[in-house]
Amino acid sequence: MTTITYYPDGLVINGHAEDPAACHGISAISQMVGNFVQERNWGNVVITEGHLEIKEVKEPYCSNELFQAMAIALEDIAEQYPDCVKIARG
């Protein structure tokens, strides 16, 4: 199971979805955004096996279209794979 927890200043993704399509989709989307945030110094990013954090995103970027697009994509995956992905609010 993958849990995606949204926070006011970012998100944390933990675990591996049992379905490879869900796992690969979540990984590709979140790592792309994490790399973008890290390269531009918008916030703090931690990526380890089965864990990704994008936290302390600077205020001007929190509601950025990039994050909105990521949230839409991750929520679409969660709807398609409800047994593999859980969305939470922290």
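**View 1. Five strands make an open sheet in the order β3-β4-β2-β1-β5.** The pairing is mixed; strands are DSSP runs of E with at least two residues, helices are runs of H or I with at least four, and both are numbered from the N terminus. Two strands count as paired if DSSP finds at least two bridges between them. At the edges stand β3 (44-48) and β5 (85-89), each with a single partner strand, so one side of each has no neighbour in the sheet. From one strand to the next, the twist averages 10 degrees. This is a predicted model, in which local features need pLDDT of at least 70 and side-chain atom pairs count only at pLDDT 80 or more, while totals for chains, interfaces and linings use all residues. Residues are numbered from 1 along each chain as its sequence is written, and side-chain values use heavy atoms, with hydrogens and water left out.

**View 2. Strands β1 and β2 run antiparallel.** Look for β1 at residues 2-7 and β2 at residues 10-14, joined by five bridges.

View 3. Contact here means heavy atoms within 4.5 Å; axes are lines fitted to C-alpha atoms, for helices over the stretch in contact, and angles run from 0 to 180 degrees between N-to-C directions.

**View 4. Ring pairs link F36, W42 and F67 into a cluster.** Rings of Phe, Tyr and Trp (its six-membered ring) pair if their centres lie within 6.5 Å; planes under 30 degrees apart are stacked, over 60 edge-to-face, and the rest tilted. The centres of F36 and W42 are 5.3 Å apart with planes at 80 degrees, so this pair is edge-to-face. W42 and F67 form a tilted pair, 6.4 Å centre to centre with 40 degrees between the planes. W42 lies in the loop between α1 and β3 and F67 in helix α2, so their pair ties together parts 25 residues apart in sequence. W42 is buried at 10% relative accessible area, F67 is buried at 11%, and F36 is partly exposed at 27% (buried is under 20%, exposed over 50%, partly exposed in between; 1.4 Å probe, protein chains only).

**View 5. The charged end of K55 sits over the ring of Y7.** Its distance from the ring centre is 4.0 Å. Elsewhere, R40 lies over the face of F36, 3.7 Å from the ring centre. A charge sits over a ring if NZ of Lys or CZ of Arg is within 6 Å of the ring centre and within 35 degrees of the ring normal.
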